[in-house]
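Please look through the structure below with these notes beside you.

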Amino acid sequence: MFPNAPITCVEDLRRLAARRVPRMFYDYVDCGSWTGATYRANEDDLAAIRLRQRVGIDISRRNLSGRMVGEEVAMPVALAPTGLAGMQWADGEILAARAAERFGVPFTLSTVSVCSIEDVAAHTSRPFWFQLYLMKDRAFMERLVARARDAGCSALVLTMDLPVQGQRHLDIKNGLSTPPRPTLRNLVNLATKPRWCLNMARTERRTFRNIVGHVEGVSDATSLAHWVSEQFDQTLGWDHVRWLRRIWDRKLIVKGIMDPEDARAAARAGADAIVVSNHGGRQLDGAPSSISALPAIAEAVGARTEVLFDGGIRSGQDVLKALALGAAGVLIGRAFLYGLGAMGEAGVTRCLELIHRELDLTMALCGLTDTADAARALLNAPAYPEPAARLAAPV
């Protein structure tokens with residue numbers, strides 16, 4: 001991009017973020033596990049889907065608003081939970097939450113965010129969602145859920161697909177750890193990012209503030225690293241979801257579903273919604289793309305449990321394709337992080353503006369006037385086989 005060139009798409013934001021964010025934190029966002037095949041497939045498979053162009057239809061009144069998990073939204077898009085957003089730009093989670101609130105879409109705060117639940121609640125007025133990793137310390141889990149309730153969070157998003165962490169080669173090569181290792185390569189790279197360094201010097205939020213100070217014995221980066229390394233629970237199962245359902249009386253969303261059988265199990269365990277997601281290709285490399293898994297899952301549980309989608313969304317066209325294949329709404333992760341890393345709060349707003357405009361224009365050219373009417377008829381040739389007749393076992 002040339003200096004001062006207009007931002008016309010999410011890819012422009014990505015390129016700008018790559019220049020402005022330190023390598024170790026940019027790569028943390030922009031990489032997948034192992035070979036990155038699943039990460040690439042998420043975008044490639046969405047791009048391969050063709051839309052059906054229509055004419056001769058009155059498209060003068062178009063409606064992009066709707067509801068996601070019972071909440072009114074300006075468009076069927078939410079900001080996904082993303083770890084370390086506060087290392088893309090100082091106080092990043094607060095900035096992203098404010099941008100989402102003004103735009104009228106949900107924001108999801110990660111357990112491993114830099115800004116705490118209380119930080120975000122103090123700087124916003126709209127209820128946000130909170131993402132939970134189930135850890136072995138159940139007392140801490142109960143306190144964390146109580147903090148989310150006290151902060152007014154309207155939904156809890158339980159991530160199911162990280163009982164162990166997938167290997168991400170770039171994170172290892174960059175020395176991304178808790179705390180990050182100050183290698184010579186990292187220090188040299190930081191010296192080329194003066195704006196980032198100045199912003200970080202002005203904030204006190206530089207660690208996992210949902211955890212540090214809230215767990216006995218965890219008071220600094222070193223003790224945090226030891227605690228986190230032992231806490232992810234490999235016994236995570238549907239009984240844990242039912243336990244969470246008992247202690248959380250608001251909306252419960254289960255994220256990380258890639259199989260119809262697991263989708264039905266989540267519904268039986270009490271999930272109000274599920275998110276079809278392969279963790280952005282950051283966990284099981286070699287798994288199918290999220291969009292290829294969506295139609296069968298929507299067919300299996302769509303009548304009982306709201307189906308959301310996550311994985312590879314970079315444009316309003318991608319949003320429309322996911323809606324046509326059965327999603328009630330989508331979550332965006334990397335797209336808004338590119339905006340955050342590029343321009344802070346203004347970059348997140350710009351990302352949402354781009355997606356909204358692309359969605360609006362694509363609907364018009366496809367002869368569609370309401371996102372609620374998106375269906376497979378929007379697709380020129382279905383990218384995936386039609387789902388079988390509704391003969392599956394009851395949810």
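1. D91, D119, E204, R205 and R209 are joined in a network of salt bridges. A salt bridge here is a side-chain nitrogen of Lys or Arg within 4 Å of a carboxyl oxygen of Asp or Glu. Side chains of opposite charge can pair when their charged atoms come close. Over the whole structure, the search finds 18 salt bridges.

2. This is a predicted model, in which local features need pLDDT of at least 70 and side-chain atom pairs count only at pLDDT 80 or more, while totals for chains, interfaces and linings use all residues. Residues are numbered from 1 along each chain as its sequence is written, and side-chain values use heavy atoms, with hydrogens and water left out.

3. R15 and E11 form a salt bridge, 3.1 Å from N to O. Both belong to helix 1 (residues 10-20), and because they are four residues apart there, about one helical turn separates them. Helices (H or I, at least four residues) and strands (E, at least two) are DSSP runs, numbered from the N terminus. R15 is partly exposed at 40% relative accessible area, and E11 is partly exposed at 29%. On this scale, buried means under 20% relative accessible area, exposed over 50%, and partly exposed in between (1.4 Å probe, protein chains only).

4. Which parts of the chain does the pair R62 and D360 tie together? Their side chains meet in a salt bridge of 2.7 Å, N to O. R62 sits in the loop between strand 1 (50-51) and strand 2 (66-68), and D360 in helix 16 (residues 345-365), so the pair ties together parts 298 residues apart in sequence. R62 is partly exposed, at 31%, whereas D360 is buried, at 17%.

5. R126 and E71 also form a salt bridge, at 3.9 Å from N to O. E71 counts as buried, with 15% relative accessibility.

6. The protein chain has an average pLDDT (the predictor's confidence in each residue, from 0 to 100) of 93, and 94% of the residues score at least 70. Residues 389-395 stay under 50, and the model gives them ten contacts beyond four places in sequence; contact means heavy atoms within 4.5 Å. Where pLDDT is low, the predicted coordinates should not be read in detail.
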